[in-house]
Amino acid sequence: LLILYQTILIPIRLFFTVEAVDHPVWTSFNTVVDAYFIADIVVNFRSGYVEKGVMYLRWSDIWPHYLRGWFMIDCVASVPWDWILPENDEGMQGEELRAFKILKVLRIARLVRLARLRAMVQKVEDRIDSE
């Protein structure tokens, strides 16, 4: 559900100036969401995976698999950009403005989690179909 929440909120915050999402309640909720996804990185280092019908549960197998897979995407997507970036680009010029815009677009990386969610749903559906 948090992924779906971000799927709606991120484009709104990127492309529109909306005062409602800057309300203290929403700011607090966004902080909780950011903390959840940062904690998710830690959990993924300890979560087993299945590959070619074999389940891997040993940490020595899990962490290299996660590093080669979703780790970089999760890291970029989990950075709390709202805490780091200024609210607007007033007074910025040249390279500073370009860097601000690039970092602002990196928020879209959170939407890549939808691909991960889709892959997980597909695995569950395949498992149900095979039984």
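Me: What makes the side chains of Asp61 and Arg58 a salt bridge?

Reply: Their N to O distance is 3.7 Å. A salt bridge needs a side-chain nitrogen of Lys or Arg within 4 Å of a carboxyl oxygen of Asp or Glu. Side chains of opposite charge can pair when their charged atoms come close. The structure holds 1 salt bridge.

Me: What kind of model is this, and how are residues numbered?

Reply: This is a predicted model: local features need pLDDT of at least 70, side-chain atom pairs count only at pLDDT 80 or more, and totals for chains, interfaces and linings use all residues. Residues are numbered from 1 along each chain as its sequence is written, and side-chain values use heavy atoms, with hydrogens and water left out.

Me: Why is Arg58 called exposed?

Reply: Buried means under 20% relative accessible area, exposed over 50%, and partly exposed in between (1.4 Å probe, protein chains only). Arg58 has 55%, so Arg58 counts as exposed. Asp61 has 25%, so Asp61 is partly exposed.

Me: Where is Leu57 found, and why is Leu57 called exposed?

Reply: Leu57 is found in the loop between strand 2 (54-56) and helix 3 (59-68). Helices (H or I, at least four residues) and strands (E, at least two) are DSSP runs, numbered from the N terminus. The relative accessibility of Leu57 is 60%, so Leu57 counts as exposed. Leu57 also forms a nonpolar patch on the surface with Val50 and Met55.

Me: How do you know that Ser78 is buried?

Reply: Ser78 has 4% relative accessibility, so Ser78 counts as buried. Ser78 is found in helix 4 (residues 71-78). Leaving aside neighbours within four places in sequence, Ser78 is in contact (heavy atoms within 4.5 Å) with Phe37, Ile38, Ile41, Arg110 and Arg113.

Me: What makes Phe45 and Tyr66 an edge-to-face pair?

Reply: Rings of Phe, Tyr and Trp (its six-membered ring) pair if their centres lie within 6.5 Å; planes under 30 degrees apart count as stacked, over 60 as edge-to-face and the rest as tilted. By this rule the count comes to 6 aromatic pairs. Phe45 and Tyr66 lie 4.9 Å centre to centre, with 90 degrees between the planes, so they form an edge-to-face pair. This pair links distant parts of the chain. Phe45 is in the loop between helix 2 (24-44) and strand 1 (49-51), and Tyr66 is in helix 3, 21 residues apart.

Me: Why is the pair of Tyr66 and Phe71 called edge-to-face?

Reply: Their ring centres are 5.7 Å apart and their planes are at 75 degrees, so this pair is edge-to-face. Ring pairs link Phe45, Tyr66 and Phe71 into a cluster.

Me: Are Tyr66 and Phe71 buried or exposed?

Reply: Tyr66 has a relative accessible area of 6%, so Tyr66 is buried. Phe71 has 18%, so Phe71 counts as buried.

Me: How many helices and strands are there in the protein chain?

Reply: There are 7 helices and 2 strands. From the N terminus on, the elements run α-α-β-β-α-α-α-α-α. Buried residues make up 26% of the 131 residues in the protein chain.

Note on methods: Patches are made of residues with over 30% relative accessible area and no salt bridge: like charges are joined within 9 Å, nonpolar side chains (Val, Leu, Ile, Met, Phe, Trp, Tyr) within 5 Å. Accessible areas come from the Shrake-Rupley method with a 1.4 Å probe; for residues, only the protein chains shown count as cover.
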